[in-house]
Amino acid sequence: MDFEFGDKLIFSNTSKRNIESLIKEFLDFCDGNLRFDNFNIKNTKPITVLCPNQITFYDFNILIQHVCNKVKESWGIFNSRNLSYYSYSDENTIHNIVGQTITGQKFSIYTLDDLYNEKYLKLNQDLSVKKFDWSFVQHRN
């Protein structure tokens with residue numbers, strides 16, 4: 001996975017003030033050396049957060065989980081030349097992120113796995129995932 005080179009985004013149907021608060025909460029417990037001003041927050045519908053390039057796969061998934069646990073209509077987006085997917089925290093399990101690639105492959109990410117050294121999506125076509133409107137990604141600028 002070319003995670004270091006792709007865009008890492010959060011889309012959330014919340015207010016700019018709320019997403020700022022959620023990012024600040026996340027920064028209190030994240031493992032990475034990130035600062036609030038590293039996140040580019042756009043006051044769009046839904047709110048768009050461009051995460052810093054240096055965010056790790058682990059921290060990005062923990063941020064997705066944190067935001068989704070507070071705002072149900074939220075998604076993490078990874079978009080690169082080789083791979084694009086959306087993901088969100090699975091309400092039916094603990095420590096699981098689920099999602100789908102732009103090509104339709106359903107997957108999960110278990111957040112207690114070693115996500116520092118193992119950057120992969122566990123493919124599982126039997127998963128039930130919410131639909132995502134990819135036009136949000138195309139019109140984020």
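**A cavity, a sheet and an enclosed helix**

The structure holds one cavity of 30 Å³ or more. A cavity here is a set of points, on a 1 Å grid over the protein atoms alone, where a 1.4 Å probe fits but cannot get out. Volume is the space filled by probe spheres set on the points, which are joined across faces, edges and corners. The model is predicted: local features need pLDDT of at least 70, side-chain atom pairs count only at pLDDT 80 or more, and totals for chains, interfaces and linings use all residues. Residues are numbered from 1 along each chain as its sequence is written, and side-chain values use heavy atoms, with hydrogens and water left out.

The largest cavity contains about 30 Å³ of space. Its lining consists of Ser108, Ile109, Tyr110, Asp113, Leu115, Glu118, Tyr120 and Lys122. Lining residues have an atom within 4 Å of a point. Four of them are nonpolar, one is polar and three are charged. Nonpolar covers Ala, Val, Leu, Ile, Met, Phe, Trp, Tyr, Cys and Pro; charged covers Asp, Glu, Lys and Arg; the others, Gly among them, are polar. Strand S7 (residues 106-110) gives the largest share of this lining, three residues. Strands (E, at least two residues) and helices (H or I, at least four) are DSSP runs, numbered from the N terminus.

S7 belongs to an open sheet of eight strands, in the order S2-S3-S1-S4-S5-S6-S7-S8, with antiparallel pairing. The edge strands, S2 (40-42) and S8, each pair on one side only. Two strands pair if DSSP finds at least two bridges between them. S7 runs antiparallel to strand S6 (residues 96-101), and five bridges join the two. Val98 stands opposite Ser108, and Asn96 has Tyr110 as its bridge partner. Four residues lie between these strands in their hairpin, where Gly104 takes a positive phi near 95 degrees. S7 also pairs with S8 (residues 122-123), again antiparallel, over two bridges. There, Phe107 is partnered by Leu123.

Helix H2 (residues 57-70) has 14 residues. From first C-alpha to last, H2 reaches 20 Å, close to the 20 Å expected at 1.5 Å a residue. The expected span is 1.5 Å times one less than the number of residues. H2 is largely enclosed by the rest of the structure, because 11 of its 14 residues are buried. Buried means under 20% relative accessible area with a 1.4 Å probe, protein chains only. Among the buried residues are Phe57, Phe60, Ile64 and Cys68. The buried residues of H2 pack against strands S1 (7-12), S4 (74-79), S5 (84-89), S6 and S7, and against helix H1 (16-29). Contact means heavy atoms within 4.5 Å.

How values were computed
1 Å grid on protein atoms, 1.4 Å probe; cavity = no way out; pocket = protein on both sides within 12 Å on 5 of 7 lines; lining within 4 Å. Buried < 20%, exposed > 50% of the residue type's maximum accessible area, 1.4 Å probe, protein only.
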